Amino acid sequence: MIIRIALLLLICAFAVLGLADILKGLASPYLPEFITQLGLGLLFCAFAVLLIMGLLVISKQIVQTISTYFSNTQRGQRRVLFIQTKQAELKQLFYCRALRIHYLHELTKQQLLRRNDRQHLAALSKAIDQDLKALKNRLSTSTLKQLQQENRCYHQQQDSAALLQLQQKITTLTS
Amino acid sequence: MSIKNWLLKAVDLLHSIKDEKLRWQIDNQDRQLQLKQARILAENQLADELKKKSVQLEHDISLLHTQNATELAMLKIKCKQDIKDYQQYLAALDKLKDSIKNSYTQLPEAVAFTIHHHAKQLLNQLWEAENFEDKMRHEMQLIQFMTTVHEDASATLQGKTQDKLPEKTLALISNRRLV
């Protein structure tokens, strides 16, 4: 209906403007100016009506969109989606916590093992040191110092294989 | 005249279109109403279903929460127990080393260290085994090794052998290394 009014106004405006043009051709004094003003007014009205109609349509769409957004169905769907996301988050959190527990467990085990290794390597190094002290008179000072240094070095590096080899070397030297 | 006729025809056409539209609306009024009602019903039904689903999901979440908390607590207890067991095994291996050193007074520290180190390797293999069969196999190996060490130690203490070194244990270690 509004479009019809707007179109009608538009056609009238063009007709009036055409009439003004014809009257201007006939060299009439005041009438063409008045009719041109009238035509322009009609044209303005037509565009104003179209603009109002556009605004009305947009407002209607906005209201409809808002009412759809807050409708029971949409709200329900959003709620379900929210809970599903929360569920997935919970699962992920559980996985991460389990992973953390496993990591801490492995770390504690490694610490225990390292502590035990250190303790026994210290005993081995001490035994080597005592062996070297016992062999003080049979070895040259430089060899003794070198062997003691090697012992300290391997002990610091926590190198069990090198310490065992050193022990074997000392045994070979003494035999 | 022809323009007038043309205009009249156009007006007739417009009226006929309007008539047709009205007729169609009258004919399909019931169906339109039904459709509208069906749509409202379907929307209500969907809203109800979604409500039920959200209630169910919330219930599932609370269950999952409890289940996760229980499982995590169980896992923590299991890990604590595991560490405790590992600590006890390490202490047992330390005792094993002490007992072999007490039995063989002349035993070099390097040999005692090697025996202890081998036992620890077996223990770690047992701990790191992925499946049950491997676990059992490594456990058997560790038990066999510990038994051999005890046999050597008790044989020396009881004076059954004059060996200066735990020969059986060392043979077992060299065999394992060859394998």
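This is a predicted model: local features need pLDDT of at least 70, side-chain atom pairs count only at pLDDT 80 or more; totals for chains, interfaces and linings use all residues.
A residue counts as buried if 20 or more other C-beta atoms lie within 10 Å of its own, exposed if 12 or fewer, and partly exposed in between, with C-beta atoms placed from the backbone. As for labels, residues are numbered from 1 along each chain as its sequence is written, and chains are lettered from A and ligands numbered from 1 in the order in which they are written.

**Chain B on its own**

- Reading from the N terminus, that gives α-α-α-α-α.
- Chain B is more spread out than a compact globule, because its radius of gyration is 44 Å, well over the 16 Å that the globule rule gives for 179 residues. The radius is taken over C-alpha atoms, and the rule is 2.2 Å times the number of residues to the power 0.38.
- Along the principal axes, the C-alpha atoms of chain B fill a box of roughly 140 × 40 × 20 Å.
- Buried residues make up 17% of the 179 residues in chain B.

**A closer look at B:W6**

- You'll find B:W6 in helix α1 (residues 2–27) of chain B.
- Its C-alpha atom is 126 Å from that of B:A153, which sits 147 residues away along the chain.

**Where chains A and B meet**

- Here, 27 residues of chain A are in contact with 29 residues of chain B (contact means C-beta atoms, placed from the backbone, within 7 Å).
- On chain A's side, α3 (72–134) and α5 (160–174) each supply at least two residues, and α3(A) gives the most, with 24 residues.
- That side of chain A divides into eleven nonpolar, twelve polar and four charged residues. Ala, Val, Leu, Ile, Met, Phe, Trp, Tyr, Cys and Pro count as nonpolar, Asp, Glu, Lys and Arg as charged, and the others, Gly among them, as polar.

**Two helices side by side**

- The axes of α3(A) and helix α2 (residues 29–103) of chain B come within 8 Å and cross at roughly 5 degrees. Axes are lines fitted to C-alpha atoms, for helices over the stretch in contact, and angles run from 0 to 180 degrees between N-to-C directions.
- α3(A) and α2(B) are therefore roughly parallel to each other, a label for angles under 35 degrees.
- The contact of α3(A) with α2(B) involves 19 nonpolar, 13 polar and eleven charged residues.

Terms used
Two residues are in contact if their C-beta atoms, placed from the backbone, lie within 7 Å. Helices (H or I, at least four residues) and strands (E, at least two) are DSSP runs, numbered from the N terminus. Angles under 35 degrees count as roughly parallel, over 145 as roughly antiparallel, 65 to 115 as roughly perpendicular and the rest as oblique.
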